[in-house]
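Colleague: I would like to learn how to read the features of a protein model. Could we go through them step by step?

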Amino acid sequence: MADGYFVDAKYPDVAAALKALGWHAVRHWTFPTCRLRYVNYAKVQWANVKPNVIINHLHHAVLLSQKHELLAHLQRRPSIHAIFPRSVTSPDAWIPLFLYAQALLVLKNPAAFANHVTTALTIGAEIQRQNPRPSYARIHGLQMMDVKFLSDNEAALRPFFVMLPRTPTYEAVDADIQTAIDGILSHLEACDRQFHFVSTRNLWIAKPSGLSQGRGIELVTSLAEIHSVWAATGTPMVVQQYIERPLLIMGRKFDIRQWVLVTDVAPVVIYWYKSCYLRFSATDYCVAHDEALRDKTMHLCNNSVQKHVSAPAHHDIPEHMWPLQRFQQHLQEIGREEVWVERLCPAMQYACVEAIESVASKLRRVGKGFEWLGLDYIIDEAFNVWLLEVNVSPDVSHSTHTTAALVPEATKDMLALILHNDETRGWQRLDLDAVAAHGSQHCAA
């Protein structure tokens with residue numbers, strides 16, 4: 001009798017590919033001929049998975065997709081400061097990070113925030129004192145102000161917990177004060193890999209841990225907003241520093257969705273799909289005006305958000321999406337053809353491996369399990385890569401012409417790998433030692 005499969009309706013490409021290979025559908029996964037089950041993670045009853053059954057999940061893989069769990073595990077790896085934007089899971093932990101970013105905002109724009117320069121210098125000098133060795137701080141992370149400093153300076157810091165008003169008329173900064181500012185900024189830039197996240201705004205993005213597709217995400221700029229969002233959510237949440245100056249294409253913000261397969265955990269085996277795709281915002285990027293901070297179509301690149309925009313897409317960004325080949329063409333057009341192979345892709349692979357390795361000791365391969373993940377990255381204007389999140393059961397619908405072209409081929413290639421160990425197609429096994437070597441150089445830079 002032919003091999004049987006049970007596949008959720010949301011994965012028609014898997015069912016079609018298996019049928020083409022001579023497999024037959026069964027009405028329930030408990031049928032004795034069912035050798036492959038392809039479902040959402042929440043539907044797996046792990047105690048009932050048989051040793052000979054192929055299943056499209058690894059036990060505890062949700063540690064990657066639950067944002068607070070991913071952060072907790074990444075925090076145990078020194079690489080976090082080079083691959084993941086500064087993030088916290090509580091208002092108390094957020095306060096010193098927010099105050100540091102406020103100080104950077106003021107010191108980088110002293111004429112615009114003249115009334116707050118003294119407090120910003122106090123914060124900056126304390127951070128400098130806490131981090132006397134820039135090379136050490138760059139690798140191991142910036143030490144923030146301690147509880148005593150916060151307590152001793154409570155009155156002076158209280159006005160910093162709001163979105164700071166700009167000075168109505170800009171005046172030149174005193175030369176001695178500017179010299180002090182320049183000295184502190186120079187030291188902090190040497191210490192902090194994420195120094196450039198703050199430019200003209202102090203922005204943070206609050207993400208409910210268990211939600212996807214942009215649901216519940218808010219941009220926040222003050223302590224009051226943080227408390228309001230936390231109170232309204234009632235679930236674990238990650239608050240992450242917003243990258244104010246991302247790389248833009250034709251004035252639009254974008255992120256990159258990359259697929260990977262994890263086929264074993266002892267040792268870890270990771271396959272990287274040959275083609276990723278870019279997801280664009282529907283609105284030109286600008287944070288100069290306060291009202292723009294509430295426009296999710298500008299800040300969130302998820303297709304689930306962008307597909308509801310009524311305005312037509314950019315004429316050169318159909319359906320708000322590009323395949324990798326179009327991105328590579330764009331890099332060539334701007335004279336940066338080499339940056340994908342030499343910098344961006346290796347950095348993405350390093351962040352991917354670090355994220356998976358951070359939870360690897362807790363992953364369990366039950367039956368013949370594997371995991372198809374969708375990783376989301378953003379590139380800043382200096383071509384640095386930052387991991388934003390990891391998705392279990394990523395969207396593989398034909399939502400656009402780009403995904404409709406990618407998904408069926410990736411699915412067939414996945415099945416060739418899982419069923420027949422065929423590594424000659426689209427999924428390329430990562431050399432983890434080579435990825436780690438590149439990452440070590442990156443973290444040391």
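**Reading the model, feature by feature**

Modeller: We can start with a lining: the residues around the second largest cavity divide into five nonpolar, three polar and one charged. Keep in mind that this is a predicted model.

Colleague: Which residues line the second largest cavity?

Modeller: The general idea is that rolling a probe the size of a water molecule over the atoms shows where empty space is left. Here, the lining of the second largest cavity is made by Tyr11, Tyr38, Asn56, His57, Glu371, Trp372, Ser393, Pro394 and Val396. The volume of this cavity is about 80 Å³.

Colleague: What about pockets? Which residues lie nearest the centre of the second largest pocket?

Modeller: They are Gln75, Ile80, His81, Arg86 and Ser87, out of 23 residues that line the second largest pocket. Two or more lining residues come from each of α4 (80-83), β5, α5 and α7 (134-140). Of these, α7 gives the most, with three residues. The space in the second largest pocket is about 400 Å³, and its lining has eleven nonpolar, eight polar and four charged residues.

Colleague: Now sheets. In what order do the strands of the five-stranded sheet come?

Modeller: First the general idea: strands of a sheet pair through backbone hydrogen bonds, either parallel or antiparallel. In this structure, an open sheet of five strands has the order β2-β1-β3-β4-β13, and its pairing is parallel. The edges are β2 (24-25) and β13 (368-369); each has a single partner strand, so one side of each is left without a neighbour in the sheet.

Colleague: Over how many bridges do β1 and β3 pair?

Modeller: Strand β1 (residues 4-7) pairs with strand β3 (residues 34-38) over four bridges, in the parallel sense. To find one of them in the view, look at Gly4, whose bridge partner in β3 is Cys34. Helix α1 (residues 12-20) packs on this sheet and touches β1 and β3, with a direction at about 170 degrees to that of β1.

Colleague: Is the pairing in the sheet of four strands parallel or antiparallel?

Modeller: That open sheet has antiparallel pairing, in the order β5-β8-β6-β7. Here β5 (87-88) and β7 (218-220) are the edge strands, each with a single partner, so one side of each has no neighbour in the sheet. Two bridges pair β5 with strand β8 (residues 237-241) in the antiparallel sense, and the partner of Ser87 in β8 is Gln240.

Colleague: How are two helices read against each other? At what angle do α6 and α10 pack?

Modeller: Two packed helices are described by the angle between their axes and the distance between the axes. For helix α6 (residues 117-130) and helix α10 (residues 175-191), the angle is about 40 degrees and the axes are 10 Å apart. Their crossing is left-handed. Val117, Leu121, Gly124, Ala125, Ile127 and Gln128 in α6 meet Ile177, Ala180, Ile181, Ile184, His187 and Leu188 in α10. By class, the contact has nine nonpolar residues, three polar and no charged.

Colleague: Last, the backbone. Which residue has a positive phi although it is not a glycine?

Modeller: Most residues other than glycine have a negative phi, and most peptide bonds are trans. Met250 has a positive phi of about 55 degrees, and Met250 is placed in the loop between β8 and β9. As for the peptide bonds, the one joining Ala266 and Pro267 is cis, with an omega of about 0 degrees. Pro267 is found in the loop between β9 (254-265) and β10 (268-273).

Key. Residues are numbered from 1 along each chain as its sequence is written. This is a predicted model: local features need pLDDT of at least 70, side-chain atom pairs count only at pLDDT 80 or more; totals for chains, interfaces and linings use all residues. Side-chain values use heavy atoms; hydrogens and water are left out. Axes are lines fitted to C-alpha atoms, for helices over the stretch in contact, and angles run from 0 to 180 degrees between N-to-C directions. A crossing is left-handed if the near helix is turned anticlockwise from the far one by less than a right angle, and right-handed if clockwise. Contact means heavy atoms within 4.5 Å. Ala, Val, Leu, Ile, Met, Phe, Trp, Tyr, Cys and Pro count as nonpolar, Asp, Glu, Lys and Arg as charged, and the others, Gly among them, as polar. On a 1 Å grid over the protein atoms alone, a cavity is a set of points where a 1.4 Å probe fits but cannot get out, and a pocket is an open set with protein on both sides within 12 Å along at least five of seven lines; lining residues have an atom within 4 Å of a point. Grid points are joined across faces, edges and corners, and a volume is the space filled by probe spheres set on the points. Two strands pair if DSSP finds at least two bridges between them.
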